[in-house]
Amino acid sequence: MAYPFQSNLFRDDKKLDECARLDAKHIWQHAPPDIRKGRHVHKIQMVLTEALHLYIDDAELRDSTYGPTTAAAVLEFKTNHKPHPIQRPGQRIDNIVGIMTIKALDDEAVVLDHMDVWATTFSIAFVYSRN
């Protein structure tokens, strides 16, 4: 059964769904290539840059790759998340997009849904990332 994402951006994305349900499919810099690169990573990057105004290197955006600046943006997001940082009790905050993080990013993406930002921004950015 698919995870019930609330945002238009994340809904119906198989790899983000797997990330929300399966520990082995968490997205991070040292994950297997099929997990750390692709359209699903670009969607995460879109939330981090467009909704949260965090910096990600142009090369990572262009290649839809979870690299060091995407990792830094995820860490900043998790550290500064309100009302409390995103982490499991007793663990340090990391730069892995796992179950708790993907759900929090989905919540952030919902905020911009009503502005119809994703249709235009994602189309332009993804075309750019493929050239």
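Leaving aside its neighbours within four places in sequence, T69 is in contact with Y55, I56, D57 and E60, where contact means heavy atoms within 4.5 Å. One of these residues, E60, is also joined to T69 through the side chains, by a polar contact of 2.8 Å. A polar contact is a pair of N or O atoms within 3.5 Å; within protein, one must be able to donate a hydrogen and the other to accept it, and residues adjacent in sequence count only if both atoms are side-chain atoms. T69 lies in helix α5. T69 counts as buried because its relative accessibility is 19%; buried means under 20% relative accessible area, exposed over 50%, and partly exposed in between, with a 1.4 Å probe and protein chains only.

This is a predicted model, in which local features need pLDDT of at least 70 and side-chain atom pairs count only at pLDDT 80 or more, while totals for chains, interfaces and linings use all residues. Residues are numbered from 1 along each chain as its sequence is written, and side-chain values use heavy atoms, with hydrogens and water left out.

The protein has seven helices and zero strands, so its elements run α-α-α-α-α-α-α from the N terminus on; helices (H or I, at least four residues) and strands (E, at least two) are DSSP runs, numbered from the N terminus. Of its 131 residues, 44% count as buried. The protein exposes about 7,200 Å², of which carbon and sulfur atoms supply 55%; accessible areas come from the Shrake-Rupley method with a 1.4 Å probe, and for residues only the protein chains shown count as cover. Among contacts between residues at least 6 apart in sequence, 57% join residues at least 24 apart.

Helix α1 covers residues 14-21, and its buried residues are L16, D17, E18, C19 and A20. These buried residues pack against α3 (39-51) and α6 (99-113). The N-terminal end of α1 is capped by D13, with a side-chain oxygen 3.1 Å from the backbone nitrogen of K15.

Helix α5, residues 68-80, packs with α6 at an angle of about 85°, and their axes are 11 Å apart. Axes are lines fitted to C-alpha atoms, for helices over the stretch in contact, and angles run from 0 to 180 degrees between N-to-C directions. The angle makes α5 roughly perpendicular to α6, a term for 65 to 115 degrees; angles under 35 count as roughly parallel, over 145 as roughly antiparallel and the rest as oblique. V74, F77 and K78 of α5 meet T101, A104, L105 and E108 of α6. By class, this contact has four nonpolar, one polar and two charged residues.

Most residues other than glycine have a negative phi, and most peptide bonds are trans. The peptide bond from K82 to P83 is cis, with omega near 10°, and P83 is in the loop between α5 and α6. H53, in the loop between α3 and α4 (58-63), has a positive phi near 60° without being a glycine. S64, in the loop between α4 and α5, is not a glycine either, and its phi is positive at about 55°. Are these two residues buried or exposed? H53 counts as exposed because its relative accessibility is 65%, whereas S64 is buried, with a relative accessible area of 0%.

Terms used: Nonpolar A, V, L, I, M, F, W, Y, C, P; charged D, E, K, R; others polar.
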